[in-house]
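The following exercises concern the contact between two chains. Please work through each task before reading its solution.

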Amino acid sequence: MTISLGELAVRFGCELRGDPDALVDSVATLGEAHDRAVAFLADSRHRRALERTRAGAVVLDPDSAAGCPVAALVCPNPRATYARIAAALYPTVRPAPGIHPSAVISPEARVDPTAHVGPLAVVGAHCVIGARAVVGPHCSLAEQARVDEEAWLVARVTLGPGVVVGARTLVHPGAVIGSDGFGFAADAGAWVKVPQVGSVRIGPDVEIGANTTIDRGAIDDTVIEEGVKLDNLIQVGHNVRIGAHTAVAGCTGISGSTVIGRHCMIGGAVSIGGWLTICDGVTVTGTTMVSRSITAPGVYSSGIPLEEARVWRRLVARFKRLSSLHDRLTALERMLGRHDDAEGAHDD
Amino acid sequence: MTISLGELAVRFGCELRGDPDALVDSVATLGEAHDRAVAFLADSRHRRALERTRAGAVVLDPDSAAGCPVAALVCPNPRATYARIAAALYPTVRPAPGIHPSAVISPEARVDPTAHVGPLAVVGAHCVIGARAVVGPHCSLAEQARVDEEAWLVARVTLGPGVVVGARTLVHPGAVIGSDGFGFAADAGAWVKVPQVGSVRIGPDVEIGANTTIDRGAIDDTVIEEGVKLDNLIQVGHNVRIGAHTAVAGCTGISGSTVIGRHCMIGGAVSIGGWLTICDGVTVTGTTMVSRSITAPGVYSSGIPLEEARVWRRLVARFKRLSSLHDRLTALERMLGRHDDAEGAHDD
Amino acid sequence: MTISLGELAVRFGCELRGDPDALVDSVATLGEAHDRAVAFLADSRHRRALERTRAGAVVLDPDSAAGCPVAALVCPNPRATYARIAAALYPTVRPAPGIHPSAVISPEARVDPTAHVGPLAVVGAHCVIGARAVVGPHCSLAEQARVDEEAWLVARVTLGPGVVVGARTLVHPGAVIGSDGFGFAADAGAWVKVPQVGSVRIGPDVEIGANTTIDRGAIDDTVIEEGVKLDNLIQVGHNVRIGAHTAVAGCTGISGSTVIGRHCMIGGAVSIGGWLTICDGVTVTGTTMVSRSITAPGVYSSGIPLEEARVWRRLVARFKRLSSLHDRLTALERMLGRHDDAEGAHDD
């Protein structure tokens with residue numbers, strides 16, 4: 001879509017420094033942009049690219065505007081404003097209403113006439129598909145699943161029985177929502193399956209990444225609140241609750257019955273144990289192991305950055321002998337009359 | 001389904017303390033249960049919830065029974081007994097026998113007349129589907145796959161050529177069983193693919209989680225023995241063998257040719273190297289890196305719990321200077337005439 | 001397929017020590033091989049199995065040939081030669097050209113007459129399927145996707161809009177290529193979606209594992225260069241570039257905008273941060289956290305091998321008190337007049 005800089009400035013609340021009649025039709029990086037493309041600067045690391053850019057306009061904050069050699073769309077939050085401008089330049093094309101003839105729809109399902117059901121989708125008994133919702137190709141919805149208005153299952157999404165997907169929620173291919181939780185009771189050397197009779201409720205404005213899995217609750221439901229963003233290949237165990245507007249990066253696993261607060265940011269490849277509570281406003285950096293509850297907002301970590309393997313092997317060997325290091329130090333302290341035996345006691 | 005407490009006690013071997021004619025029809029947590037619901041107590045952490053429960057009955061062990069304010073179903077293993085009671089209250093409804101008209105079945109496949117093949121499933125040449133087995137919507141079975149009696153592929157399960165799924169085994173959506181193993185030979189700066197000519201044999205009474213992947217063997221088969229339980233998003237490499245009744249939690253990866261014993265419990269996000277042997281009865285806690293074989297039953301770990309990021313960064317900095325700490329201590333010991341040079345020698 | 005040892009030796013450049021007219025028809029491990037099977041020895045750990053083998057022939061290097069009790073196919077790179085011999089003995093059977101009647105093909109798509117489109121596949125508008133390409137059952141290709149000659153999407157592969165899959169590339173079931181990247185801008189306590197307008201370009205001779213996900217670029221494309229091998233359950237973020245002939249093992253996550261060089265080997269369950277650069281020829285061992293760029297070829301690690309849990313808990317406790325250990329040592333040094341205050345200063 002082609003839009004003038006003047007219109008962009010008005011619609012998205014920017015101060016325009018440049019020609020309001022100049023037209024743009026695309027987005028690009030600072031380095032690649034031509035004169036019909038909008039770029040953005042959200043990080044001062046890219047300031048040198050700004051100086052050389054040939055973009056039609058750059059979205060940036062007041063502090064950076066002086067260094068901009070082309071038209072500037074100045075605003076306090078360039079990344080968010082860029083996101084909205086890009087959405088205007090690349091408007092989403094929703095598939096036309098209607099049910100593809102190859103889809104298999106239960107006669108007991110209710111599909112809104114403005115909804116789209118794509119080729120080879122399966123919609124089970126008593127499912128409800130809301131207004132303007134999209135059920136893409138190869139999606140399969142078990143009985144009583146519900147897809148609210150304008151929700152979009154891109155392709156090949158599986159919903160288990162009774163799963164609810166909220167309004168405007170976007171689910172990427174391969175996601176499985178509502179598979180059985182991992183619940184077994186040990187009995188006489190084998191496992192007895194604990195029936196998983198809850199379901200999953202996904203709030204509105206959620207996004208769920210490709211091949212992410214969210215298990216149904218054992219008794220109550222698993223709950224993903226409004227505005228949550230889940231990346232790809234995340235595992236969410238049964239009866240987890242994720243609070244509104246929390247974002248979780250890829251490859252992270254969240255064990256059963258854990259409650260994560262609102263406005264948290266969980267990095268990639270994080271492992272979160274079961275039956276924990278993480279309060280609102282917590283950031284967990286990538287690869288951290290969360291094995292206890294977190295009761296205060298803040299940033300938490302336990303990942304160790306890489307070293308050259310030769311150096312690393314020695315560090316690990318030292319680490320594995322920490323007890324000996326400790327004992328040698330204590331012996332020296334004792335010899336020099338410095339050791340506090342009370343400390344030594346709680347140390348072991 | 002509605003059942004009397006008396007019948008539950010008789011069928012599942014509980015001592016009933018309460019009215020045998022009282023009826024229940026559902027399960028619930030201790031906190032949410034109403035008077036037609038069965039709850040259970042398997043962990044003394046929830047004893048306060050027990051005191052306040054309004055459940056119709058609680059499944060618990062003799063030690064906890066005294067504190068139960070409502071009817072009690074007393075038994076030695078409350079979790080396993082609860083699982084069986086829940087299965088009785090929520091009986092599994094198997095889909096009716098027959099092949100959905102939209103399924104694509106090779107004329108050379110053999111589907112038992114009591115089996116169910118769901119909408120839009122694909123069953124390849126020479127596949128065999130056993131009695132009362134269920135092949136759900138969007139499943140795709142390559143040639144010569146075999147699904148034994150009462151096995152259930154929930155939806156969108158992919159079986160590669162020759163894969164065998166044992167009796168009563170349950171496979172959740174998105175699982176891929178029998179994809180090629182990751183086998184390549186380096187040659188002149190590129191990779192030559194090693195043909196993966198084995199297959200996968202899954203025993204009876206196994207459960208396989210959503211989006212879990214199990215590779216076919218390079219030469220011999222990959223083998224999952226009876227009663228194994230695999231959670232979601234697990235990767236099982238080629239020629240792995242997992243022993244009977246072992247359970248593996250989500251996001252764990254098991255590299256090729258590793259053999260895991262029987263009755264092991266492998267936590268979530270564990271990484272297990274290739275060509276290792278883990279004996280029977282091993283527990284590995286979450287996020288552990290298993291880089292050597294384990295020859296004695298027991299519990300093994302290598303995960304480090306989180307800290308506030310500020311504290312953590314300092315710990316990592318200290319860790320990275322462990323060698324310097326060690327050297328400084330050795331210097332002090334030498335100065336004080338305490339250093340054992342033999343130890344110093346093997347230390348470096 | 002049955003082939004004589006003489007023909008194998010000629011076709012694959014081996015020195016044959018044995019009867020050129022002896023016939024083989026299969027591959028097997030040294031231990032299981034019968035006299036019509038070819039085995040190989042690529043690792044001196046298996047030399048004892050060599051001594052006892054009953055294989056029809058063994059592929060091995062000159063150093064090992066003397067210990068071979070049966071016919072030997074001697075060559076410098078036994079693993080690569082074995083791979084080629086196995087491919088000859090088990091020739092790939094490509095499905096016949098043509099479009100299965102149950103597939104849903106856009107009238108605006110272009111499918112080469114020599115290509116195969118399997119049952120229940122969906123091919124969107126303006127897609128191009130090249131000569132002898134295979135689009136397996138349940139694959140779904142969004143508009144403008146392109147599958148080059150002889151590429152093979154095994155089953156249930158999803159390609160997003162505009163994704164290109166190079167010639168001879170093999171994609172395993174469940175892979176999702178071209179889902180939206182994880183891009184959001186924080187704004188007033190919620191997330192604004194950043195439109196992901198790039199796509200994914202996969203080079204020729206690539207292999208992509210089961211349930212692996214590769215996100216489309218935010219602005220430019222995500223790029224996987226020729227000959228790259230990706231295992232199962234890998235997450236590749238938006239705008240990542242992976243250099244030619246690099247191999248990545250399962251369960252690894254690569255965050256957005258990171259560039260990995262050529263001929264790298266990335267182990268399993270590795271976590272790679274965003275906006276990093278890894279140069280050519282780097283090996284990263286399993287479970288490593290890569291949080292900074294790597295500028296020199298070599299081997300890098302940060303995984304800590306397991307210990308018995310009891311030992312491990314004590315090590316973690318010691319580790320968590322490293323600062324105290326350090327302070328105690330510094331105090332001793334000060335007392336003995338050994339402390340270098342400059343070091344102490346940069347230490348904190």
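**Exercise 1.** Which residue of S40(B) does A:Ser301 stand opposite?

*Solution.* The model is predicted: local features need pLDDT of at least 70, side-chain atom pairs count only at pLDDT 80 or more, and totals for chains, interfaces and linings use all residues. Residues are numbered from 1 along each chain as its sequence is written, chains are lettered from A in the order in which they are written, and side-chain values use heavy atoms, without hydrogens and water. Begin with the strands, which are DSSP runs (E, at least two residues), numbered from the N terminus. S39(A) and S40(B), residues 307-308, run antiparallel and are joined by two bridges; strands pair if DSSP finds at least two bridges between them. In S40(B), the residue opposite A:Ser301 is B:Glu307.

**Exercise 2.** State how much area chain A and chain B bury between them.

*Solution.* Buried area is the accessible area (1.4 Å probe) that two parts lose on being put together, summed over both. For chain A and chain B this is about 6,000 Å², with 66% on carbon and sulfur atoms. On the side of chain A, the greatest losses to chain B fall on A:Trp191, A:Arg318 and A:Arg328, together 13% of what that side buries.

**Exercise 3.** Determine how many salt bridges are counted between chain A and chain B.

*Solution.* The criterion is a side-chain nitrogen of Lys or Arg within 4 Å of a carboxyl oxygen of Asp or Glu. The count is four. A salt bridge links A:Glu307 with B:Lys320, at 2.6 Å from N to O.

Key. Helices (H or I, at least four residues) and strands (E, at least two) are DSSP runs, numbered from the N terminus.
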